[in-house]
Amino acid sequence: MHVVVIGGGPAGMMAAGQAALAGADVTLCEKNQRLGKKLAITGKGRGNVTNAAEIKELIQQYPGNGSFLYGPLYRFTNDDLRQFLLDLGVPTVVERGGRVFPQSQKAQDVVEALSRWLRKVGVKVLLGKQVTRLLVTERGMIEGVICAGEKLAADAVVLATGGASYPATGSTGDGYRLAQEVGHTIVTPRPALVPLETKESWVRELTGVALKNVTATLTVEGRVVAEEFGEMLFTHYGVSGPIILTISRAAVEALMKKKKPMLHLNLKPALTREQLDARLLRDFKKNIRKQFKNSLNDLLPQRLIETIIMLSGISPDLPVHQISKDQREALLTTLTDLRLQIKSPRSLREAIVTAGGVAVKEIHPTNMASKLVGGLYFAGEVIDIDGNTGGYNLQAAFSTGFVAGLSAALQA
Ligand SMILES: Cc1cc2nc3c(=O)[nH]c(=O)nc-3n(C[C@H](O)[C@H](O)[C@H](O)COP(=O)(O)OP(=O)(O)OC[C@H]3O[C@@H](n4cnc5c(N)ncnc54)[C@H](O)[C@@H]3O)c2cc1C
């Protein structure tokens, strides 16, 4: 049994190693000169490899086709992944929010451990070799691939070419074309976990300002479609940071439907409006002899004050004792419902993951086999699945890679 795996990311490496362990003769084609280029930069180089949550909770974290992952996630769980990495000499630790990282805090250690493992189990790794075509017989069976211009015969092929985001890492969307050419449907690839551009240009003044413990609520035509609490960042074009990335998927969906998503920021979500009003009154009392612009230092980060004052519509030079109740109400609204109209997502190049990909309805969830082409299997982000931040995307890549590799090696 000869298995060819296309793509040396986490999904492809896992698939190749498992297929070899199951007795197959395995060749892995990676178009970069090294394996796991994207894996090495995950989690800001620390590699958030999975999440320690219960599997049922884990599945909730895939807004893109989570239920499809039910089988693979149970076949190769987050605990299995941690044990697997431990066996390869990479112990892991659990951090805030259940995020699992290598104890060394180096994603590169995972890449190196996987590379060593592939050598150990006898996978033939071809670097700098791009696959440009899948070869399928007239009867719809895979018979090989064209890799760097040459035919490589195969009884089974695992397509693990990743998505189309961060193309400099090698994930340039090749797999979509390869799958489409043999009859598969591609759900339009689009950015997920992506920074958002806003209509308001005042954000530019706040470039680099990071906020903690804020709530971001996304509404579409007045209806709440996503809400997250945590950290965010202003950029020269709009907003980014963990909570923005998480709600971005819903924003992209709305924009694709030509709707206008609105972001509402609550800068003080721990306080009710009444509590915040009381807090303002206390601060104003303390600063009674000052101008408005000098009264918010205890409440807000310095760099935010000028913008909040501008948005509140209150003159910055107004003496604090002259601020009316209506003006205070306006300020309260600015602080608790700061609105930003979302204009567009940043491009797919800047997205952490790609939503869309090979349609899951054409893949058997039990073994990752194509329902259209005999001997073809899929693993990782090339499939129309995407998860939130927190280690879910790598877990999906490893779990689907595990199942695809094993199934490819054991196919009848
Ligand atoms: C900046 C950043 C940070 C991230 N951080 C995290 C994180 O901390 N936790 C998490 O869970 N997820 C994270 N992700 C997402 C995660 O990295 C991906 O979901 C995951 O790498 C997908 O794995 P994959 O094996 O399917 O694809 P990839 O990792 O994209 O690997 C695909 C491989 O296939 C190769 N390839 C493509 N086409 C061909 C071809 N025609 N021939 C041969 N080879 C080919 C590519 O060169 C590439 O090496 C992050 C993503 C980015 C961009």
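Axes here are lines fitted to C-alpha atoms, for helices over the stretch in contact, and angles run from 0 to 180 degrees between N-to-C directions. Helices (H or I, at least four residues) and strands (E, at least two) are DSSP runs, numbered from the N terminus. You are looking at a predicted model, in which local features need pLDDT of at least 70 and side-chain atom pairs count only at pLDDT 80 or more, while totals for chains, interfaces and linings use all residues. Residues are numbered from 1 along each chain as its sequence is written, and side-chain values use heavy atoms, with hydrogens and water left out.

Let us start with two pairs of helices. Two packed helices are described by the angle between their axes and the distance between the axes. Helix α8 (residues 273–286) packs on helix α10 (residues 325–336) at about 120°, and their axes are 11 Å apart. The two are therefore oblique to each other, a word used for angles that are not under 35 degrees (roughly parallel), over 145 (roughly antiparallel) or 65 to 115 (roughly perpendicular). Contact means heavy atoms within 4.5 Å. On the α8 side, the contact is made by R273, L276, D277, L280, L281 and F284, and on the α10 side by R328, E329, L331, L332, T333, L335 and T336.

The second pair is helix α1 (residues 10–21) with helix α5 (residues 107–120), whose axes come within 9 Å and cross at roughly 25°. α1 and α5 are therefore roughly parallel to each other. Here M13, M14, A16, G17, Q18 and L21 of α1 meet L114, W117 and L118 of α5.

Now follow α10 onward to the strands. α10 lies across β16 (261–266) and β17 (338–345), and runs at about 110° to β16. Both strands belong to a barrel that six strands close in the order β12-β15-β14-β13-β16-β17, with antiparallel pairing. Two strands pair if DSSP finds at least two bridges between them. Neighbouring strands of this sheet are turned by 45° against each other on average, direction ignored. One of the residues to look for is T217, whose bridge partner in β14 is E227.

Is R249 buried or exposed? R249 is buried, because its relative accessible area is 12%, and buried means under 20%, exposed over 50% and partly exposed in between (1.4 Å probe, protein chains only). Not counting residues up to four places away in sequence, R249 touches P63, G64, R190, A192, A355 and D386.
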